Amino acid sequence: MEIQEQNTRNHSVVTVGDWILTMILMLIPIVNFIMLLVWAFSSSTPASKSNWAKATLIFMLLGALLTFLFWGSIASLMLVGM
């Protein structure tokens, strides 16, 4: 199964211009998340860009989780102090 997946993946080179456009799109809130999902799970996306998008989504998830834990601990400290 892995051999079939490797044959269907797009192994084209991502140009510098494509990366610049990608970075500009990452500056736009909400659009960046939607585009990451498209790039991560589309079969027409080059493999390197797809892997980058998946890694970025994992980091975004970890960041959101850590932010939630941080503010949750701050809120619980405030409630205990009252």
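Trainee: Which residues make up the largest nonpolar core?
Mentor: The largest nonpolar core has six residues, namely M26, L36, W39, A40, A53 and L57. A nonpolar core is a set of buried Ala, Val, Leu, Ile, Met, Phe, Trp, Tyr and Cys residues joined through side-chain atoms within 4.5 Å. The largest share of this core, three residues, comes from α3, and α3 and α4 each supply at least two residues. Please keep in mind that this is a predicted model, in which local features need pLDDT of at least 70 and side-chain atom pairs count only at pLDDT 80 or more, while totals for chains, interfaces and linings use all residues. Residues are numbered from 1 along each chain as its sequence is written, and side-chain values use heavy atoms, with hydrogens and water left out.

Trainee: Which residues does A53 contact, leaving aside its neighbours within four places in sequence?
Mentor: A53 is in contact with L36, W39 and A40, once neighbours within four places in sequence are set aside. Contact means heavy atoms within 4.5 Å.

Trainee: Why does T22 count as buried?
Mentor: Buried means under 20% relative accessible area, exposed over 50%, and partly exposed in between, with a 1.4 Å probe and protein chains only. T22 has 1% relative accessibility, so T22 counts as buried. Its place is in helix α2, residues 16–26. Helices are DSSP runs of H or I with at least four residues, and strands are runs of E with at least two, numbered from the N terminus. Leaving aside neighbours within four places in sequence, T22 is in contact with W39, K49 and W52.

Trainee: What makes α2 and α3 oblique to each other?
Mentor: Two packed helices are described by the angle between their axes and the distance between the axes. Here the axes of α2 and α3 come within 8 Å and cross at roughly 135°. Axes are lines fitted to C-alpha atoms, for helices over the stretch in contact, and angles run from 0 to 180 degrees between N-to-C directions. Angles under 35 degrees count as roughly parallel, over 145 as roughly antiparallel, 65 to 115 as roughly perpendicular and the rest as oblique. The angle of roughly 135° belongs with the rest, and α2 and α3 are therefore oblique.

Trainee: Which residues meet between α2 and α3?
Mentor: From α2 come T22, L25 and M26, and they meet V31, N32, M35, L36 and W39 of α3. By class, this contact has six nonpolar, two polar and no charged residues. Ala, Val, Leu, Ile, Met, Phe, Trp, Tyr, Cys and Pro count as nonpolar, Asp, Glu, Lys and Arg as charged, and the others, Gly among them, as polar.

Trainee: How do you know that the span of α4 agrees with its number of residues?
Mentor: The expected span of a helix is 1.5 Å times one less than its number of residues. With 35 residues, α4 should span 51 Å, and its end C-alpha atoms are 51 Å apart, so the two agree. The buried residues of α4 are A47, K49, S50, A53, T56 and L57, and what covers them includes α2 and α3.

Trainee: Why is A47 called buried?
Mentor: A47 has 10% relative accessibility, so A47 counts as buried. A47 touches R9, N10 and H11, not counting residues up to four places away in sequence. The C-alpha atoms of A47 and R9 are separated by 6.3 Å, although the two residues are 38 residues apart along the chain.

Trainee: Is I30 buried or exposed?
Mentor: I30 is exposed, because its relative accessible area is 64%. I30 is placed in the loop between α2 and α3, and has a positive phi of about 70° although it is not a glycine.

Trainee: And why does S12 count as partly exposed?
Mentor: S12 has 36% relative accessibility, so S12 counts as partly exposed. S12 is found in the loop between α1 (2–8) and α2.
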